[in-house]
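Good morning. Please have a look at the structure first.

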Amino acid sequence: MQIRTNPLHMLAALAAGLGISASAQASPITFGSSQNFTDATDVSTTTASSVRAYSFNTGPLDINGVHFINFDSQAVDTKSGLDGTYDQYGTAGQSGDYGTLLTNAIYHDGGSTSITLNNLLDGDTYELQVWVNDARQPACCGSTRTETLSGDAAGTDAALLYDVPSGPPGQFVIGTFIASGTSQVLNLDLASGNSGNNQINGLQLRDLTPVPEPASLGLLSIAALTLLARRRHPITR
């Protein structure tokens, strides 16, 4: 997992100290369409300045060039309600580390659950990818189950199938959000009328905001320092 500090945000903090404010950003998560598993290239490799990728109850894993670590081996992001582990959900027809990712999960028997992503950079744009799979369905639990993903503000919710009737089990989805503050909540809840466990098999977070080039950063620094000097020594006429 890589955590970066964007120099632009240090300049923003300086600007705030000078009484210069930026407009507030909302932080809904806008999800795309849920997708069935294909192969390891399901794992997004969208150009990003930093990446966090988590497996659950397993790891580390390397899939499509992305390094996944066991969520419980890190101390930045947190979970709520997801207190069970299981390693027999099945590979969903996938091989290697991708199959291992899908075979393992953390879960909770009913009730609301969530994962909180911390140490975000306020105003940065993030891509979030989530996997859920239970290849035992429907023999395991008698019916298809659907999990609803949502953020901590009004956005586009995602419905993920634990298994796809008459087809491959499990699904993944990709969403985006603009950080408002330094944390973002991802809620995971069984869809209305479903029974069983809330569950997550994999998660990836990619910061899509580029780090500024040194030349651009230098110009911004000069501008900020010039403004600071003017505030301290106003020009008199």
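Let me start with two side chains: Y54 and F71 are both buried. Keep in mind that this is a predicted model. A search of the whole structure turns up seven aromatic pairs, and I will go through two of them.

How are the rings of Y54 and F71 arranged? Their centres are 5.0 Å apart and their planes stand at 85 degrees, so this pair is edge-to-face; the cut-off for that label is over 60 degrees. Now for where they sit. Y54 belongs to strand β3, residues 50-55, while F71 is in the loop between β5 (66-70) and β6 (78-80), so the pair ties together parts that are 17 residues apart in sequence.

On to the second pair. W131 and F172 are 6.3 Å apart, centre to centre, with 35 degrees between the planes, and this pair is tilted. Which parts does it tie together? W131 lies in strand β10, residues 125-132, and F172 in strand β13, residues 171-178, so the parts joined are 41 residues apart in sequence. W131 and F172 are both buried.

Last, the loop residue. T47 is found in the loop between β2 (35-36) and β3. Is T47 buried or exposed? T47 has a relative accessible area of 71%, and the cut-off for exposed is over 50%, so T47 is exposed. T47 and D207 are 160 residues apart in sequence, yet their C-alpha atoms are 8.6 Å apart in space.

Definitions and conventions. Residues numbered from 1 in each chain as written. Predicted model: local features only at pLDDT ≥ 70, side-chain atom pairs only at ≥ 80, totals over all residues. Heavy atoms only, no water. Phe/Tyr/Trp six-rings, centres within 6.5 Å; stacked < 30°, edge-to-face > 60°. Helix = DSSP H or I, 4+ residues; strand = E, 2+ residues; numbered from the N terminus. Buried < 20%, exposed > 50% of the residue type's maximum accessible area, 1.4 Å probe, protein only.
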